[in-house]
Amino acid sequence: MRLMRIGAPGRERPVAATLDGRCFDLTPLTPDIDPGFLAADGIARTAAALAAGALPATRIEGERVGPPVARPGALLCIGQNYAAHAAESGSAPPAEPILFYKGTNTVVGPEDDVLIPPGSRKTDWEVELAVVIGRTARYLTEADDPLEYVAGYALSNDVSERAYQLERSGGQWSKGKSCETFNPLGPWLVTADEIPDPQRLTLRSWVNGAARQDSGTADMIFPVAELVRHLSQFLVLEPGDVINTGTPEGVALSGRFPYLAAGDVIELEIEGLGRQRTRCAAARVAAR
């Protein structure tokens, strides 16, 4: 099952899409796909309603696709989680997961513009597997199955401004990660039952039609289950929280490709999770 949010920013409506392409209105069950929906067993209730034929059909052609999860409580990101990307960044593979936070107001839809900050010199793309939490997780042990706490998966672009991240960071990465529009997400939240093994997915990216990244989640240093368990030792994971699990090699930081500029088109794809196409535009400076 694939969950979507359709409509103008701030006015999205929840939709369930089936594998055969049909779409169903979820408003009889919930006003939105948000942390409350996930915490209240919303995915199971949606599946039961679909099986019972209790949801009205709807059409989404020509409408904006929003991020599949309404503004998450936390947007947690893992750095350098692919060995080849760590190498192209000039770093050794980390001994344990590197965690940084992104502002949750960075989350936009999979076709929304990515806004290049004023004065930016080094805006970069990062195709990533996003994990959406479905149950509260704290202090998971080796006896727990961390994947049981996952509601589903989505395609994510962890857009980064490398000068802000590395040259002006003050020791933390979040300055280079939290500019507006810096996390296109979606098009779908694909429920966990459709992705039995998140370590067997192909990730790809293109800029202006030219291939950039082509890898697989099997190359993660820390797999999804280990990330969920590890993070639960340091913070409480709550329904609706999103984990960006890292990006493979092939970003502009490598020095092999130019950084993004207004007018560039970024395309991303993860097997089974859909495709994004976003255009870069210059951010507007607020009038004084």
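This is a predicted model: local features need pLDDT of at least 70, side-chain atom pairs count only at pLDDT 80 or more; totals for chains, interfaces and linings use all residues.
Visitor: Which parts of the chain does the salt bridge between Asp 112 and Arg 64 link?

Guide: In that salt bridge the closest N and O atoms of Asp 112 and Arg 64 are 2.7 Å apart. The pair links distant parts of the chain, since Asp 112 sits in the loop between β7 (107-108) and β8 (114-116), while Arg 64 sits in the loop between α2 (42-51) and β4 (65-66), 48 residues apart. Asp 112 has 17% relative accessibility and therefore counts as buried, the cut-off being under 20%.

Visitor: Are Asp 124 and Arg 162 buried or exposed?

Guide: Asp 124 counts as buried, at 0% relative accessibility, and Arg 162 is buried as well, with a relative accessible area of 3%. Both residues also belong to a network of salt bridges, in which Asp 124 and Arg 162 are linked with Lys 102, Glu 126, Asp 158 and Lys 177.

Visitor: Turning to the sheet, in what order do its five strands stand, and which strands are at the edges?

Guide: The five strands form an open sheet with mixed pairing, and their order is β8-β19-β18-β15-β16. The edges are taken by β8 and β16 (210-216), each of which has a single partner strand, so one side of each is left without a neighbour in the sheet. If direction is ignored, neighbouring strands of this sheet are turned by 20° against each other on average.

Visitor: How many bridges join β18 to β19, and which residue is the bridge partner of Ile 266?

Guide: Strand β18 (residues 265-270) and strand β19 (residues 274-282) run antiparallel and are joined by six bridges. The partner of Ile 266 in β19 is Thr 278, a residue that is buried, with a relative accessible area of 1%.

Visitor: What is Thr 278 in contact with, once its neighbours within four places in sequence are left aside?

Guide: Its contacts are Pro 110, Glu 111, Asp 112, Val 114, Pro 184, Asp 264, Val 265 and Ile 266. This list brings back Asp 112, the residue that forms a salt bridge with Arg 64.

Visitor: How many disulfides does the structure hold, and what is the nearest cysteine sulfur to Cys 77?

Guide: A disulfide is a covalent bond between the sulfur atoms of two cysteines. The structure holds zero disulfides. For Cys 77, which is in no disulfide, the nearest cysteine sulfur is that of Cys 179, 13 Å away, and Cys 77 is buried, with a relative accessible area of 0%. Cys 280 is likewise in no disulfide, and its nearest cysteine sulfur, that of Cys 179, is 13 Å away. Cys 280 is also buried, with a relative accessible area of 3%.

Definitions and conventions:
Residues are numbered from 1 along each chain as its sequence is written. Side-chain values use heavy atoms; hydrogens and water are left out. A salt bridge is a side-chain nitrogen of Lys or Arg within 4 Å of a carboxyl oxygen of Asp or Glu. Helices (H or I, at least four residues) and strands (E, at least two) are DSSP runs, numbered from the N terminus. Buried means under 20% relative accessible area, exposed over 50%, partly exposed in between (1.4 Å probe, protein chains only). Two strands pair if DSSP finds at least two bridges between them. Axes are lines fitted to C-alpha atoms, for helices over the stretch in contact, and angles run from 0 to 180 degrees between N-to-C directions. Contact means heavy atoms within 4.5 Å. A disulfide is a pair of cysteine sulfur atoms within 2.5 Å.
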